[in-house]
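Have the viewer open as you read.

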2 protein chains.
Amino acid sequence: MADSYHHGNLREALIDAGIKIINENGEENLSLRKVAAACDVSHAAPYAHFRDKEELIEAIKENVTEKFMEKLIEAVEGKPSADSAIIAMGRAYVTFFSKNPDYFIFLFGKQNITAHLKMNKEYKGDYPPFLLLRRMYLLHLEENGLEKSIEEQEIDLIKIWSIVHGMASIACMKGVKSSFNWNNIDERLLT
Amino acid sequence: MADSYHHGNLREALIDAGIKIINENGEENLSLRKVAAACDVSHAAPYAHFRDKEELIEAIKENVTEKFMEKLIEAVEGKPSADSAIIAMGRAYVTFFSKNPDYFIFLFGKQNITAHLKMNKEYKGDYPPFLLLRRMYLLHLEENGLEKSIEEQEIDLIKIWSIVHGMASIACMKGVKSSFNWNNIDERLLT
DNA sequence: CTCCAATCTTGACACTGTCAACATTAAAGA
DNA sequence: TCTTTAATGTTGACAGTGTCAAGATTGGAG
């Protein structure tokens with residue numbers, strides 16, 4: 001199967017090769033032709049699996065988001081309360097991107113993330129990490145017997161997500177060398 | 001001077017044309033050749049003013065950051081206290097990018113911002129909006145007679161910047177249609 | 001066994017960033 | 001005023017890019 005005309009599993013191979021290139025040389029060095037070459041395949045072969053370059057990038061993003069979600073779920077599960085789960089999730093969020101800033105740039109660089117804050121919308125198609133956060137937040141309200149208006153809930157969600165996402169963003173900036181003292185911030189994460 | 005061999009003020013014209021293209025068609029449609037064409041100049045003319053494409057983009061970023069700073073300073077000046085100044089600055093921060101999300105993507109999409117958080121470093125070369133924030137924060141400590149360790153100060157700064165920057169980031173995401181109810185968040189911005 | 005649809009190749013096109021060689025001109029110094 | 005020079009702009013070339021059209025190959029359904 002190595003030197004046969006048909007590759008066998010080109011789609012996955014292209015995604016893996018794309019991730020490797022992004023990790024080693026950054027997104028700006030990702031080209032369809034290089035990805036194809038890395039799979040020992042002609043320059044137009046990817047078009048049998050992806051409509052255009054954007055669609056390959058989108059597939060890679062899904063793949064990276066899955067890895068991201070694994071860390072978040074791992075952080076959340078087994079926690080005694082929603083509060084501690086949310087805090088653990090925030091830590092995992094920042095830790096994940098601190099370890100590989102390239103992923104942050106890759107995932108959020110063009111802001112093409114979908115997240116409907118309105119609680120009465122269907123959640124389908126929303127950004128999975130945000131879905132998890134919302135689930136934990138609703139659990140938090142329930143566990144503590146809190147009743148909040150939709151608007152208040154939205155604000156809380158924005159606040160929580162903002163500080164975590166903002167920290168990740170700042171941590172990924174070049175030149176920001178300060179160590180983040182997460183331990184001190186934990187208890188203030190939730191309002 | 002219109003049809004003379006020398007343009008006269010090509011450098012500024014290239015920057016302006018670049019901003020226009022980014023505003024109208026997004027950064028992904030910015031090419032040196034288009035910028036040159038927009039200035040009625042040959043495709044290699046920009047190389048007399050910029051080493052490469054990156055240097056032009058960097059110049060455009062400086063230009064956009066100046067506009068950003070104008071809004072921040074405008075929000076800060078005349079405020080009765082450092083606290084109210086910081087809150088106003090946060091509002092201006094989010095408002096600026098809510099109005100033109102393309103600028104957020106352009107400025108922070110690749111995270112190439114320099115901000116040395118350590119208080120004992122020289123501030124030169126730091127990101128101007130961050131410098132302003134730090135100045136206001138130190139004023140806040142002074143006005144309220146607070147004494148904090150360097151580490152505590154850093155944490156405060158990261159927190160403030162994180163929530164504001166994070167909100168701006170989330171506000172610029174596709175699909176986030178919720179209105180930001182800033183009025184409710186103001187009094188909780190400072191710890 | 002045949003045929004078809006999925007998959008892959010080849011060749012082309014326009015566009016890109018960049019460089020080298022050359023042209024023009026404003027301005028400084030004689 | 002004339003000459004020279006450095007700054008600025010042009011032309012032409014090159015490799016690399018995304019994308020498409022036409023054709024080759026092949027696994028698998030019938």
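A residue counts as near a strand if one of its heavy atoms lies within 4 Å of that strand. Keep in mind that this is a predicted model.

Take the DNA side to begin with. Among the atoms of DNA strand D within 4 Å of the protein, 55% are sugar or phosphate atoms, and the rest belong to bases.

Now for the protein side. There are 23 residues around DNA strand D, and the ones that come nearest are A:Arg33, B:His7, B:Ser42, B:His43 and B:His49. Sorted by class, this surface has nine nonpolar, nine polar and five charged residues. Helix 2 of chain A (residues 32–38) supplies the largest share of it, with three residues.

Which atoms pair up here?

| Residue | Atom in DNA strand D | Distance |
|---|---|---|
| A:Ser31 | phosphate oxygen | 3.1 Å |
| A:Tyr47 | phosphate oxygen | 3.0 Å |
| B:His43 | base oxygen | 2.6 Å |

What's the secondary structure made of? Chain A has eight helices and zero strands, and reading along the sequence gives α-α-α-α-α-α-α-α. Of its 191 residues, 52% are buried. Look at contacts in chain A with a separation of 6 or more, and 60% of them come from residues 24 or more positions apart.

Conventions: Residues numbered from 1 in each chain as written. Chains lettered and ligands numbered in written order. Predicted model: local features only at pLDDT ≥ 70, side-chain atom pairs only at ≥ 80, totals over all residues. Heavy atoms only, no water. Helix = DSSP H or I, 4+ residues; strand = E, 2+ residues; numbered from the N terminus. Buried < 20%, exposed > 50% of the residue type's maximum accessible area, 1.4 Å probe, protein only. Contact = heavy atoms within 4.5 Å. Polar contact = N/O pair within 3.5 Å; in protein donor to acceptor, adjacent residues only side chain to side chain. Nonpolar A, V, L, I, M, F, W, Y, C, P; charged D, E, K, R; others polar.
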